[in-house]
Every structure is written in C-alpha cells, then in structure tokens.
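Here are a few notes to read alongside the model. They follow the charged side chains and who pairs with whom.

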Amino acid sequence: KGVPIAAASVDDNGTKRDCGNPGSLALNGNIGYCLRTHGKDGSPLQDKGSVLLSCSNVTNTNDGNKFTRVSGSPDLINMMGHGNGMTYKDGYLYIAAHSKSTTPNIKNIVKITTKGTNPEIYDCTRMVGGIACYNDTEFIALDYQNDPNPYAMYPTFHIGELKNGDFEIRR
C-alpha cells in the first residue's frame, strides 16, 4: 500500500487545467514533495503549469494520509517546463524542468521554497531531466538533450553550479 497523490489543477484565465502528471518527487526526511504538471492537451499551458503537493510523512500508509496541495501555494505558471526531477536542499526545492512542446524549448532549473514561493529561475543550455545535490554548491543534472529516444535511454550527467541565472556546467 502506498501514499496516494491528490488531484490538482491550475487556473488558465478562468479555465481549470488538470495537472495529471506527477513528474517529480523530493524528500526531506519523511516529508515528501511532489510536483504535478499540466499535460498534453494542446492548451497554451501544456507543460507550463504545475502545482506543488506535500505529504507530512511518506512512511505512513494509513487511510487518509496523502499528498495534498501545499496550503497557500501559488499555481506555478509559465516559469518552467514539465518538472522531470526535483531535489530538496536547505529548505528549498530545486526542479529540473523542460518542455519539448514549446518554441523555443524551455530548459531550466527552478528553485522554490517548500511553500512553492519565491521562484528563482536558472537557464540551462542542455535539456535536464533530473537533479540531485552533489555538495554544498553543486548539483548533478541528468542531460538527455542528444538522446534521440522519446524517453532517456542514453543520458549523460553533468556536475554544475547555479550561478548568475544559469546552470553552469563544471564537469
């Protein structure tokens, strides 16, 4: 038995758009965070609208325990692509996001508080699909920019730092 993830939606100028794709998960001890992204319906918000959910104890599988929208969190709209990876570090969530459905493609890492506020956006030269803390200042990012497959079968990894609005690859 697992911990269910509640349904969520974003407001698209008065139209509710379902955020059905739980593309990323991060943990801070037993506290879980999940990002649900609006999916492929051809609307202007496709891969550009997300909602942050949390669960106070992911090890509790009792009835009624589930991931729910973070109280007071804003709709995360037009700041990132589809959230494909997320990590927790020092009170913040770092989301690796991209969208192949936009022109130009969105490729970035977004730093937000655990309440889904105060976004900082870092541009990426590569299409990132995952992120993990490496040390105090660096992250490991999964890169599948050159992978011709619809899902990353042959990814590469980069170690880099978030600096001056960019993810600067170090190695």
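**Notes on the salt bridges**

1. Start with Arg 171 and Glu 138, whose side chains meet in a salt bridge at 2.9 Å, N to O. The term means a side-chain nitrogen of Lys or Arg within 4 Å of a carboxyl oxygen of Asp or Glu. Arg 171 sits in the segment after β15 (166-169) and Glu 138 in strand β13 (residues 138-143), so this pair ties together parts that are 33 residues apart in sequence. Strands here are DSSP runs (E, at least two residues), numbered from the N terminus.

2. Before going on, a word on the model: it is predicted, so local features need pLDDT of at least 70 and side-chain atom pairs count only at pLDDT 80 or more, while totals for chains, interfaces and linings use all residues. Residues are numbered from 1 along each chain as its sequence is written, and side-chain values use heavy atoms, with hydrogens and water left out.

3. Buried means under 20% relative accessible area, exposed over 50%, and partly exposed in between (1.4 Å probe, protein chains only).

4. Asp 75 and Arg 69 also form a salt bridge, at 2.5 Å from N to O. Asp 75 is partly exposed at 26%, and Arg 69 is partly exposed at 32%.

5. Glu 168 pairs with Arg 170, their closest N and O atoms being 3.4 Å apart. Glu 168 is partly exposed at 24%, as is Arg 170 at 38%. Look for Glu 161 here too: Glu 161, Glu 168 and Arg 170 are linked in a salt-bridge network.

6. How many salt bridges are there by this rule? The count is five.

Note on methods:
Helices (H or I, at least four residues) and strands (E, at least two) are DSSP runs, numbered from the N terminus.
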